[in-house]
Amino acid sequence: MKIDVLTLFPTMFTGVFNESILKRAQEKGAVTFQLVNFREFADNKHQTVDDYPYGGGAGMVLKPQPIFDAVDHLTKQSDHRPRIILLCPQGERYTQKKAEELAKEQHIIFICGHYEGYDERIREHLVTDEISIGDYVLTGGELAAMVVIDSVVRLLPGVLGNEHSPVHDSYSSGLLEHPHYTRPADFRGMKVPDVLLSGNHRLIEEWRQKQSLRRTWLRRPDLLETYELTEQQKKWIEQWEKNKR
Ligand code: ADE
């Protein structure tokens, strides 16, 4: 996968791209990153990338020209039609499902604005997707792009070893993950559940599935609205509902 990031602050990304899994993903050849400062594409003498809003009002607006030209330049370098993603609070809310969809792409261009709004023609005639990472406002799209990139790259084939298979992630199964424990079995009087020490794999798997469902039922009941429950799962939830009353 090729990932290009259009930003006025490319150095914000260097720490994130050069550590841990994202670093390993590049070394393995699963992904290449290119950071592009779109100020370099501004066609005016002072290389300005923003301007006053038509109609007046506070704040500046990112001009269409530098961003359209930067995207044209990157698209010409590519054999594949890229996904062009604008990070903004008005976008569709980001989910694991979207991460899985994006992980199938060959080329993604992220556009990060800072402080300002974007000229509407960028939204209407350039981008393929607008993404928000949550219902809060950041100072710019850079942190949001890092979040999306991290969650997509870890899904690329070969990036995580089998030991960290994304199949069991919270959200990809539709449920939150079950609790985890490691040694010691008794830490300051806080004990690991007996079943995990029993060696009975069938019981352990059943305990994990039940915990995963219970945690979702308690913390994120909204996820269960679209989840198809098995008969066993329906029975567990009925029990918990009864105990609540
Ligand atoms: N830019 C500012 N806030 C944002 C958010 N919540 N998601 C994506 N981009 C943003």
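Author: Gly134 is buried, with a relative accessible area of 8%. Buried means under 20% relative accessible area, exposed over 50%, and partly exposed in between (1.4 Å probe, protein chains only). This is a predicted model, in which local features need pLDDT of at least 70 and side-chain atom pairs count only at pLDDT 80 or more, while totals for chains, interfaces and linings use all residues. Residues are numbered from 1 along each chain as its sequence is written, and side-chain values use heavy atoms, with hydrogens and water left out.

Reader: Is Val137 buried or exposed?

Author: Val137 is exposed, its relative accessible area being 71%. Helices (H or I, at least four residues) and strands (E, at least two) are DSSP runs, numbered from the N terminus. Gly134 lies in the loop between strand E8 (129-132) and helix H6 (142-153), and Val137 is also placed in the loop between E8 and H6.

Reader: Which residues does the UniProt annotation "binding site" cover?

Author: UniProt positions are given in the numbering used here, with feature names shortened, and annotations may be inferred rather than shown by experiment. The annotation, from an unreviewed entry, covers Gly113, Ile133, Gly134, Asp135, Tyr136, Val137 and Leu138.

Reader: In what order do the strands of the open sheet lie?

Author: Two strands pair if DSSP finds at least two bridges between them. Here 3 strands form an open sheet in the order E3-E4-E7, with mixed pairing. Strand E3 (50-51) and strand E7 (117-118) each have a single partner strand, so one side of each is left without a neighbour in the sheet. Strand E4 (residues 61-62) and E7 run parallel, joined by 2 bridges, and Val61 stands opposite Gly117 in E7.
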